[in-house]
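Thanks for coming. I have one structure to go through today, so let me put it on the screen.

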Amino acid sequence: MIYDYLVVGSGLFGATFAYEATRRGKTCLVVEQRGHVGGNIYCECRDGINIHRYGAHIFHTSMRPVWDYICGFAEMNHFINSPVANYKGELYNLPFNMNTFNKMWGVVTPREAQEMIERQRAEISGEPRNLEEQAISLVGRDIYEKLVKGYTEKQWGRPCTELPAFIIRRLPVRFTYDNNYFSDPYQGIPKGGYNGIIEKMLEKCDVELNTDFNADREALRRRAKKVVYTGPLDAYFDGCCGPLQYRSLRFETRRMDTPNYQGVAVMNYTDRETPYTRVIEHKHFEFGDQPVTWVTWEYPEEWKPGAEPYYPINDEKNQRTFAAYQELARKEKGVLFGGRLAEYKYYDMDKTIASALALARKEFG
Ligand SMILES: Cc1cc2nc3c(=O)[nH]c(=O)nc-3n(C[C@H](O)[C@H](O)[C@H](O)COP(=O)(O)OP(=O)(O)OC[C@H]3O[C@@H](n4cnc5c(N)ncnc54)[C@H](O)[C@@H]3O)c2cc1C
């Protein structure tokens, strides 16, 4: 049979598009190179705990239609992300707020905190020349030294003095006692994890796992009238304009024989010496009361071709390479490109859904 659409990649983008196509009576074949569907929002259930296998995923949005849309596939719980920063055993609330400032300086009122930050920011005059100067000019030296420097250096694998200022455009500072990391009005984790959402979205599709589209492109293309490609753009064109670079991550996940390991879902390690950046205790996303727990240590890694591409490096060089691929993509007949890999863009889940819905609207009217 010839399908209407061949969807390459079963992540949130591909699944949303496939759902929109099948609910309009179109036929879809979804091919996925991994052994499971869901892309990076995939969860692995162990001991009744949903482990976010490719990094912690917290759904948050300010787009009401996207919130309503996701709630059509899952019931969202009342999880609020309130991560804790661990600097050499000193704990601080994130995002930077009155609780953080009280712990850091003993200040109690917003005015005292504002004065302290203003005094410290004044150290930088003129245009910041690198990320260190940019961060100090935004939040002052104390917060920079304890909560920004080490974490950022681990993430990027370079000293802050050698990183460009534009990486940190703003560092949200809140002068209220509010530990809610996100300021979006809608937030939560789907009860039972993310897999149920993807399974519902793909209910009416045929799915073939362990299938790399780029390894068998011509034969797969013949199986559908049109292709929706959500894989890396450079891989589609066999890297002919050079590689698009990423930052990667390595996850180490362990079962711990204790009901509560760290008391919070996300703990950031902000010193330079601890090699990991975050420790995730998955059960807290769903208020689990199991007698054991599953914990993931997240290590930033240099990306090499073949490694999992996590965060695009949208610097000038990579954007130029991406523009060259986009030019080729525009000329490609019968192929629609979308999602975080094909668009070489960091997309939160809500933006991914919005973008897939926009593509579906364009395609189906
Ligand atoms: C570490 C991390 C943490 C994140 N945390 C959050 C968060 O807390 N909140 C939030 O809103 N967003 C978060 N995100 C973003 C979220 O993961 C994305 O919005 C979402 O996964 C994008 O979906 P996608 O379908 O575009 O890409 P993906 O999920 O990457 O799916 C693409 C799929 O295509 C497959 N594929 C690729 N190439 C081929 C090929 N050649 N043949 C067949 N299949 C192929 C891949 O295997 C993959 O399954 C996070 C991202 C990362 C990296």
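Which residue in strand 15 is the bridge partner of Tyr246? Before the answer, a reminder that this is a predicted model. The partner is Pro312.

That pair belongs to the contact between strand 11, residues 246-256, and strand 15, residues 311-312. The two strands run antiparallel and are joined by two bridges. Strand 11 also pairs with strand 14, residues 293-302, again in the antiparallel sense, and here there are 10 bridges. Within strand 14, the residue opposite Thr253 is Thr296.

Now the nonpolar cores. The largest one has 58 residues, and Val7 and Ala18 have the most contacts inside it. Helix 1, residues 12-22, supplies the largest share of this core, with seven residues. What does Ala18 touch, leaving aside residues up to four places away in sequence? The list is Val7, Cys28, Val30, Met201, Leu202 and Cys205. There is also a second, separate core of 21 residues, and among its members are Ile117, Ala135, Tyr144 and Tyr151.

Last item, Phe166. You will find Phe166 in the loop between helix 6, residues 141-156, and strand 8, residues 186-188. Is Phe166 buried or exposed? Phe166 counts as exposed because 11 other C-beta atoms lie within 10 Å, and the cut-off for exposed is 12 or fewer.

Key:
Residues are numbered from 1 along each chain as its sequence is written. This is a predicted model: local features need pLDDT of at least 70, side-chain atom pairs count only at pLDDT 80 or more; totals for chains, interfaces and linings use all residues. Helices (H or I, at least four residues) and strands (E, at least two) are DSSP runs, numbered from the N terminus. A residue is buried if 20 or more other C-beta atoms lie within 10 Å of its own, exposed if 12 or fewer, and partly exposed in between; C-beta atoms are placed from the backbone. Two strands pair if DSSP finds at least two bridges between them. A nonpolar core is a set of buried Ala, Val, Leu, Ile, Met, Phe, Trp, Tyr and Cys residues joined through C-beta atoms within 7 Å. Two residues are in contact if their C-beta atoms, placed from the backbone, lie within 7 Å.
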